[in-house]
Amino acid sequence: MDSQIEQQLEKIMPEDLARTFESAYYVLFQGQHEHMDDLLKNGAVLLRKAAQRFTPTQMVLGVAALATVAIVLIGREMHNEQEEGEAQDISKQDEKHQLAGAGEKGNGNK
C-alpha cells in the first residue's frame, strides 16, 4: 500500500507542468521577476520527477535543450536591452540636432 502511494506521488501530474509553464510565462514573457522563485521551485519538482523516468542519456539531452533555450532567451533579452539603449541615445541626439537646427534658423532670420 505504501509503495503504491509513493509511486502515485512521484508521477508527473498535469498540474506540475501547468505551474512550471505559468511561472516561466510570467518570468520570461511578462518580465515579472518576482515569480523566479516559483519557477525554480516548480521546475525543480518537475525535473526531479522526470529524472526518475528518464534514462541518463535522455536527462543529459533534456538538460542540454533547457540550457540552449535559456541561452537563446538571455541573448534575446540582452539584445533588446541594447537596442533600447541605442534608441534612447539616438532620440537624445535627434533632440539636440533639432534644437541646434532651430537655433541656426533663428540666427539666419535676424
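View 1. Just after α2, G31 takes a positive phi of about 70 degrees. Helices here are DSSP runs of H or I with at least four residues, and strands are runs of E with at least two, numbered from the N terminus. This is a predicted model, in which local features need pLDDT of at least 70 and side-chain atom pairs count only at pLDDT 80 or more, while totals for chains, interfaces and linings use all residues. Residues are numbered from 1 along each chain as its sequence is written, and side-chain values use heavy atoms, with hydrogens and water left out.

**View 2. The whole protein.** The protein has four helices and zero strands. Along the sequence, the pattern reads α-α-α-α. Of its 110 residues, 11% count as buried. Buried means under 20% relative accessible area, exposed means over 50%, and partly exposed lies in between (1.4 Å probe, protein chains only). The protein exposes about 9200 Å², and carbon and sulfur atoms supply 60% of that area. Accessible areas come from the Shrake-Rupley method with a 1.4 Å probe; for residues, only the protein chains shown count as cover. Take the contacts between residues at least 6 apart in sequence: 50% of them join residues at least 24 apart. A contact means heavy atoms within 4.5 Å.

View 3. The 16 residues of α2 should span 22 Å at 1.5 Å a residue; the end C-alpha atoms are 21 Å apart, which agrees. The expected span is 1.5 Å times one less than the number of residues. Buried in α2 are D16, T20, S23, A24 and V27. They cover an arc of only 100 degrees around the axis, which puts them on the same side of α2. The arc is that of the directions from the helix axis to the C-beta atoms. An α-helix has 3.6 residues a turn, so residues three or four places apart point the same way. The buried residues of α2 pack against α3. The face turned away from the buried side carries the exposed residues P14, F21 and F29.

**View 4. S23, a buried residue of α2.** S23 lies in helix α2, residues 14–29. Its relative accessible area is 6%, so S23 is buried. Leaving aside residues up to four places away in sequence, S23 touches H35, D38, L39 and N42. The side chains of S23 and N42 are joined by a polar contact of 3.2 Å. A polar contact is a pair of N or O atoms within 3.5 Å; within protein, one must be able to donate a hydrogen and the other to accept it, and residues adjacent in sequence count only if both atoms are side-chain atoms. S23 and E34 are 11 residues apart in sequence, and their C-alpha atoms are 9.8 Å apart in space.

**View 5. Helix α3.** Helix α3 covers residues 36–53. Its 18 residues should span 26 Å at 1.5 Å a residue, and the end C-alpha atoms are 26 Å apart, which agrees. In α3, the residues L39, N42, L46, K49 and A50 are buried. Seen down the axis, the buried residues of α3 fall within an arc of 110 degrees, so they line one face of the helix. On the other side of α3, D37, L40 and K41 are exposed.

**View 6. The aromatic rings of Y25, Y26 and F29.** The structure holds two aromatic pairs. The rings of Y25 and Y26 have centres 6.2 Å apart and planes at 55 degrees, so this pair is tilted. Y25 and F29 form a tilted pair too, at 6.0 Å centre to centre with 40 degrees between the planes. Rings of Phe, Tyr and Trp (its six-membered ring) pair if their centres lie within 6.5 Å; planes under 30 degrees apart count as stacked, over 60 as edge-to-face and the rest as tilted. Y25 and F29 both lie in α2, four residues apart, about one turn of the helix. Y25, Y26 and F29 form one aromatic cluster. Y25 is partly exposed at 43% relative accessible area, and Y26 is partly exposed at 24%. F29 is exposed, at 56%.
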